[in-house]
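Visitor: I'm new to this one. Can you walk me through it?
Guide: Happy to. Here it is.
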Amino acid sequence: MPYPSRTDRASIVAATITVLDERGLDHVSLRAIATHLGIRQPALYHHFASKAELLDAAANEILARRHTDRLPADGEWWDVFVARNARSLRRAMLSIRDGARLIASSGSRSPHLDAAIAQVNLLENAGFTATEAILALIAVARYTIGSAIEQQTARDGGDIAIETNRTDSAASHLIESTRHVVALGQDHEFETGLAALIRGLTPTTPAPPA
């Protein structure tokens, strides 16, 4: 006998995302997802063989919904696109509790094929080899994911604590400068690192001026 519509694949994935947002990644369980749907846990196995497979599907759904800037625009400079793509990935991960950890831990390293082809092609046209392009995109993705994980898991809300009784000018200067960095916010912190990383991604054979 077929399962009722509330146990279709899309409904289960949506419920998983809701439970993740409510409980956090460490407390997502098949039992909690089944309870949210009002069904018995074995019904989940009609669509997903394991919790890991279900979390992979949830991660893909979050990216499909939120990571909307994966394709270069016509005539877009490679560095502008790489930064835009990174911001889009970061927004997707930060849109849900523990989203960065979920994306980092779920599934294989296989990229979205059509997006990957377009991205690598853009960088090749700018003078990167295909290998350089792939490594550059991996580096930016890893920075973006790592930054989001740190932001979502920091116990102090992103504050930088310097515990010291020193009152000399060097310590006071560092403390004051650190307070200024914190005041700028984590978006600014991310953008500064992203810009520095992209500046270091120099193609082997720069494309000639248009």
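Guide: A term to start with: helices (H or I, at least four residues) and strands (E, at least two) are DSSP runs, numbered from the N terminus. This is a predicted model, where local features need pLDDT of at least 70, side-chain atom pairs count only at pLDDT 80 or more, and totals for chains, interfaces and linings use all residues. Residues are numbered from 1 along each chain as its sequence is written, and side-chain values use heavy atoms, with hydrogens and water left out.
Visitor: Okay. How many helices and strands does the protein chain have?
Guide: Nine helices and zero strands.
Visitor: Where is Ile198?
Guide: Ile198 sits in helix H9, which covers residues 186-199.
Visitor: Is Ile198 buried or exposed?
Guide: Buried, because its relative accessibility is 10%. Buried means under 20% relative accessible area (1.4 Å probe, protein chains only).
Visitor: And what does Ile198 touch?
Guide: Leaving out residues up to four places away in sequence, Ile198 touches Trp78, Asp79, Val82 and Ala83. Contact here means heavy atoms within 4.5 Å.
Visitor: How far apart are the C-alpha atoms of Ile198 and Val80?
Guide: They are separated by 9.3 Å, while the two residues are 118 residues apart along the chain.
Visitor: New topic. What box do the C-alpha atoms of the protein chain fill?
Guide: Roughly 70 × 55 × 20 Å, along the principal axes.
Visitor: How much of the protein chain is buried?
Guide: Of its 210 residues, 35% count as buried.

How values were computed: Buried < 20%, exposed > 50% of the residue type's maximum accessible area, 1.4 Å probe, protein only.
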